[in-house]
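I opened the model to look up two things.

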Amino acid sequence: MGALRSRIVGVGAFLPERVLTNDELARQVDTTDAWIVERTGIRQRHIVSESQRTSDLAIGAAERALAAAGLSGRDLDLIVLATATPDNTFPATATRVQAALGMTRGAAFDVQAVCSGFLYAISVADNFIKAGQVRTALVIGAETFSRILDWNDRGTCVLFGDGAGAVVLRAEEGRGDNSDYGILSTHLHSDGRHYNLLHVDGGPSSTQTVGHLRMEGREVFRHAVVNLASVVQEALDANGFKPTDLDWIVPHQANRRIIEGTARKLGLGLDKVVISVDRHANTSAASVPLALAEAVGDGRIRPGQLVLLEAMGGGFTWGAALVRF
Ligand code: ACO
């Protein structure tokens with residue numbers, strides 16, 4: 001008998017309508033389009049309206065992913081939603097998505113690994129599928145980081161945006177080797193010694209406020225390139241592949257220089273890297289599925305191709321998933 005694999009059968013994304021350009025931002029804080037583009041590659045970001053919540057973005061992305069899969073909410077056994085900006089402290093934002101999709105059975109819950117959240121969520125769902133516990137799962141990354149930014153801190157407020165992306169996974173019988181379709185392996189790491197380098201200075205059990213994002217940008221940058229290159233290599237080694245076997249890397253979209261640095265360390269050209277940070281900025285847990293949805297939607301990623309997803313975020317947390325589409 002073969003091994004159960006999680007096949008990605010639908011991908012979807014949702015961005016709030018409002019676009020905030022660097023030039024508009026430069027009228028609010030002491031920065032320039034040139035500084036932001038040179039240091040980060042970011043040109044604009046999408047920002048939610050006053051009434052839009054993380055769940056609204058998540059539901060938009062989920063509906064598109066389900067439509068692409070030809071499925072409905074009633075077909076789902078599991079929803080795993082990655083977010084660091086939930087609608088409320090509890091219940092899980094995933095349960096609001098569950099209700100909106102008309103899913104009344106199975107389980108829905110959130111996971112929190114900040115920018116690595118989507119990798120953590122897809123790994124959790126993949127393990128449920130591989131264990132034979134669920135057949136159809138929806139994995140979402142959705143964030144409204146605009147709500148937790150200090151809009152007076154030019155070192156952080158220029159870097160982030162809002163959005164959501166989602167994938168539908170279905171159980172499929174594979175051979176159990178690296179020629180299978182679907183998720184071949186996932187790899188997760190964290191190192192809590194770096195908690196304070198990227199954190200929010202509030203929360204229910206510390207300050208009873210939501211708080212604002214704080215970051216030691218240079219330190220984060222330094223760790224990001226090393227950790228990401230290492231986890232990508234780990235995923236390739238686990239499956240007997242070389243970097244040049246990859247058709248695409250879909251990296252976390254934090255910063256163009258981190259993306260370029262990681263590709264360089266792996267000896268990969270940027271023609272194999274999906275980049276959307278220029279238009280979306282850093283959307284934390286939403287960034288990988290947003291970029292993935294774009295590249296699947298415009299036909300860059302095609303059936304049979306080998307695709308590596310990777311991300312790194314607060315904690316620190318980092319992870320990768322190797323997928324054959
Ligand atoms: N506009 C203009 N000047 C700015 C801005 C801005 N928006 N922000 C900071 N500066 C100034 C600083 O005040 C400083 O001025 P000074 O020299 O007079 O003191 C100068 O620019 C340099 O500041 P640094 O913070 O040292 O700038 P650096 O070159 O490190 O770039 C950046 C900052 C872009 C944040 C960089 O460190 C970085 O990309 N870090 C990674 C952070 C990241 O991507 N985090 C996302 C979350 S984690 C993740 O997703 C992987």
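Buried means under 20% relative accessible area, with a 1.4 Å probe and protein chains only. I am working with a predicted model.

Entry one, Ile122. I located Ile122 in helix α5, which covers residues 117-130. Is Ile122 buried or exposed? Its relative accessibility is 0%, so Ile122 counts as buried.

Next I looked up its contacts. Leaving out residues up to four places away in sequence, I found that Ile122 touches Ile8, Val139, Val167, Leu169, Ile183 and Ala321. I also checked Ala320. Ile122 and Ala320 are 198 residues apart along the chain, yet their C-alpha atoms are separated by 9.8 Å.

I found the ligand in the second largest pocket. Which elements give two or more residues to the shell around the ligand? They are α2 (33-40), α6 (154-157), α7 (217-239) and α8 (256-266). The largest share comes from α7, with four residues.

I then went through the residues. The ligand is surrounded by 24 residues, and the closest are Thr31, Arg154, Arg218, His252 and Asn255.

For Thr31, I noted a polar side-chain atom 2.6 Å from a nitrogen atom of the ligand. Asn282 places a polar side-chain atom 3.2 Å from an oxygen atom of the ligand. Met312 takes part through its backbone: a polar atom there is 3.5 Å from a ligand oxygen atom.

Last, I looked up the area. The ligand taken alone exposes 1,000 Å², and the protein buries 74% of that.

How values were computed: Residues numbered from 1 in each chain as written. Predicted model: local features only at pLDDT ≥ 70, side-chain atom pairs only at ≥ 80, totals over all residues. Heavy atoms only, no water. Buried < 20%, exposed > 50% of the residue type's maximum accessible area, 1.4 Å probe, protein only. Contact = heavy atoms within 4.5 Å. Near = heavy atom within 4 Å. Polar contact = N/O pair within 3.5 Å; in protein donor to acceptor, adjacent residues only side chain to side chain. Areas by Shrake-Rupley, 256 points an atom, 1.4 Å probe, with all protein chains shown as cover. 1 Å grid on protein atoms, 1.4 Å probe; cavity = no way out; pocket = protein on both sides within 12 Å on 5 of 7 lines; lining within 4 Å. Sits in = over half its atoms within 2 Å of the grid points.
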